[in-house]
Amino acid sequence: MNADDKPSLLHRVSPTQWVALGLSILAVIFVLENRTHVSVEFLLITLGSPMWLILLVMFVAGLVTGVLLTRRRHR
């Protein structure tokens with residue numbers, strides 16, 4: 001390989017970037033397959049929203065809860 005030769009695009013993409021691309025594709029497929037509107041009741045409030053959005057909100061709530069519970073305390 002000469003100094004002037006550049007690696008192909010496929011060789012410049014790291015495994016982490018491939019995983020990120022794959023997860024992004026799966027996320028888009030998930031959203032496209034879960035576009036139906038659902039009603040969710042919480043206490044006295046009824047919300048109507050696409051199913052993917054409700055699931056995303058629940059995922060973020062769980063993620064934030066996990067981060068808050070496992071965060072190290074600095075002394």
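**Figure 1. Overview of the predicted model.** Helices here are DSSP runs of H or I with at least four residues, strands are runs of E with at least two, and both are numbered from the N terminus. The structure shown is a predicted model. Its protein chain has three helices and two strands. Read along the sequence, they follow the pattern α-α-β-β-α. The chain has 75 residues, of which 4% count as buried. It exposes about 7,400 Å². Carbon and sulfur atoms supply 67% of that area.

**Figure 2. The largest pocket and its lining.** The volume of the largest pocket is about 170 Å³. Its lining consists of Val-40, Phe-42, Leu-47, Ser-49, Leu-53, Ile-54, Val-57 and Met-58. Helix α3 gives the largest share, with four residues.

**Figure 3. Ser-49, a pocket residue in β2.** Ser-49 lies in strand β2, which covers residues 45-50. Ser-49 is one of the residues that line the largest pocket. Is Ser-49 buried or exposed? Its relative accessible area is 8%, so Ser-49 counts as buried, the limit being under 20%. Leaving out residues up to four places away in sequence, Ser-49 touches Thr-36, His-37, Val-38 and Ile-54. Of these contacts, Ile-54 also belongs to the pocket lining.

Figure 4. Val-57 is found in helix α3, residues 51-70. With a relative accessible area of 46%, Val-57 is partly exposed. That value falls between the cut-offs of 20% and 50%.

**Figure 5. Phe-30 of α2 against Trp-52 and Leu-55.** Phe-30 is found in helix α2, residues 15-33. Which residues does Phe-30 touch, not counting those up to four places away in sequence? They are Trp-52 and Leu-55. Phe-30 and Trp-52 are 22 residues apart along the chain. Their C-alpha atoms are separated by 7.5 Å. Phe-30 has a relative accessibility of 37% and therefore counts as partly exposed.

**Figure 6. Leu-43 in the loop between β1 and β2.** Leu-43 sits in the loop that joins strands β1 and β2. What is the phi of Leu-43? It is positive, at about 55°, although Leu-43 is not a glycine. Most residues other than glycine have a negative phi. Leu-43 has a relative accessibility of 75%. Leu-43 therefore counts as exposed, because the cut-off is over 50%.

Technical notes:
Residues are numbered from 1 along each chain as its sequence is written. This is a predicted model: local features need pLDDT of at least 70, side-chain atom pairs count only at pLDDT 80 or more; totals for chains, interfaces and linings use all residues. Side-chain values use heavy atoms; hydrogens and water are left out. Buried means under 20% relative accessible area, exposed over 50%, partly exposed in between (1.4 Å probe, protein chains only). Contact means heavy atoms within 4.5 Å. On a 1 Å grid over the protein atoms alone, a cavity is a set of points where a 1.4 Å probe fits but cannot get out, and a pocket is an open set with protein on both sides within 12 Å along at least five of seven lines; lining residues have an atom within 4 Å of a point. Grid points are joined across faces, edges and corners, and a volume is the space filled by probe spheres set on the points. Accessible areas come from the Shrake-Rupley method with a 1.4 Å probe; for residues, only the protein chains shown count as cover.
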